[in-house]
Amino acid sequence: MSDVGIEKNNSKTFLGFWIYLMTDIALFMTLFATFAVLRGSTADGPSGKEIFELPYVLTETVLLLFSSFTIGLAMISARYGSKKHALILLAITFILGMAFLILELNEFYHLVNDGHSWRESAFLSSFFTLVGTHGAHIAVGLIWIAFMAYQIFKTGLRDLTKKRLMMLTMFWHFLDVVWIFIFSIVYLLGAS
Amino acid sequence: MSKKVDEKDLKKFEKSINNYIAGLFFSLVLTAIPYYIVVTNKLEGDQLTFAIIGYASIQLAVQLYFFVHIFDDGKPFWKSISFAYTAFVVLFIGIGSLWIMKNLNYLMMQMPAEETQQMLLEDQNFQNYHDDSDDHDMSHHYEN
């Protein structure tokens with residue numbers, strides 16, 4: 001049985017969290033604007049075209065997209081009372097998100113190893129800041145997913161747990177949306 | 001899950017799942033298209049920029065509707081309002097910043113005023129623009 005009560009009874013909490021997400025959008029917007037202004041300032045370093053590998057980034061994008069899908073399904077499972085399905089789907093979401101993060105850290109590692117760290121040029125500084133901030137959000141999201149899975153495992157699908165899961169789902173969808181723009185503006189436009 | 005499932009609940013359940021599947025499918029397509037455009041170099045310059053940002057915006061709308069249910073069935077009204085406000089702030093400050101920085105770029109070039117003006121006009125594709133206030137000789141307005 002689905003529960004519409006959750007949203008009605010906790011509307012203030014959801015409003016607060018939604019507004020937080022709005023401020024996070026504003027934050028990312030400033031990072032995007034900074035990147036857009038500095039994308040040509042490559043000093044003696046490489047431009048986007050030289051360091052971005054599109055197939056690699058497409059993989060990251062698809063991973064994150066599927067994780068957004070599975071967390072949505074996890075939320076539906078929780079709504080309809082299926083603890084087992086919710087846990088399995090949360091686990092899949094975690095694995096997909098972790099895979100994304102590992103790929104991203106790998107990309108950063110190779111860039112820095114080749115000497116192209118954030119110290120080399122304004123372009124790279126803004127790149128690492130923008131993509132790194134998104135990666136930090138993903139990392140926190142993964143910790144949150146782990147906590148939620150533990151909660152559901154230990155205490156089942158209480159109203160409180162479902163409320164928290166709803167906010168996590170909002171957060172995760174938001175991160176996927178931001179990544180779409182990073183993928184488009186940083187990588188696609190940068191590599192062309 | 002209880003054995004006796006409500007008809008209405010089942011419909012809602014199916015609708016929810018279908019929403020997510022549709023959202024995933026559309027997002028994948030909307031990711032593949034700009035990727036394809038870039039990889040095969042089908043477009044260039046401004047056209048490319050608009051196309052990619054366009055597809056990203058459409059995917060944003062798709063994800064907002066299918067995943068976040070933002071404009072769906074009269075859900076909390078404040079969600080739409082605060083989102084609209086944020087969108088306004090983002091556009092205002094984002095485009096404003098880019099505009100200002102582009103203008104600062106021009107001013108940093110330390111060219112005489114005429115050259116700066118010429119460069120601005122070229123960027124906006126007014127190659128043959130001629131400002132009458134700079135002229136002392138108006139003969140180009142008269143025939144013969």
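**View 1. The residues around the largest pocket.** In this predicted model, 50 residues line the largest pocket, and those nearest its centre are Phe32(A), Phe181(A), Ile185(A), Ile53(B) and Leu98(B). A pocket here is an open set of points on a 1 Å grid over the protein atoms alone, where a 1.4 Å probe fits, with protein on both sides within 12 Å along at least five of seven lines; lining residues have an atom within 4 Å of a point. The space inside comes to about 1,700 Å³.

**View 2. The helices that supply the lining.** Two or more lining residues come from each of H2 (11-38) and H7 (159-190) of chain A, and from each of H2 (45-66) and H3 (77-107) of chain B. Helices are DSSP runs (H or I, at least four residues), numbered from the N terminus. Which helix gives the most to the lining? That is H3(B), with twelve residues.

View 3. Sorted by class, the pocket lining holds 35 nonpolar, eleven polar and four charged residues. Nonpolar covers Ala, Val, Leu, Ile, Met, Phe, Trp, Tyr, Cys and Pro; charged covers Asp, Glu, Lys and Arg; the others, Gly among them, count as polar.

**View 4. Chain B by itself.** Chain B has four helices and zero strands, in the order α-α-α-α from the N terminus. Of its 144 residues, 26% are buried (under 20% relative accessible area, 1.4 Å probe, protein chains only).

Residues are numbered from 1 along each chain as its sequence is written, and chains are lettered from A in the order in which they are written. Local features need pLDDT of at least 70, whereas totals for chains, interfaces and linings use all residues.

Key
This is a predicted model: local features need pLDDT of at least 70, side-chain atom pairs count only at pLDDT 80 or more; totals for chains, interfaces and linings use all residues. Side-chain values use heavy atoms; hydrogens and water are left out. Grid points are joined across faces, edges and corners, and a volume is the space filled by probe spheres set on the points. Buried means under 20% relative accessible area, exposed over 50%, partly exposed in between (1.4 Å probe, protein chains only).
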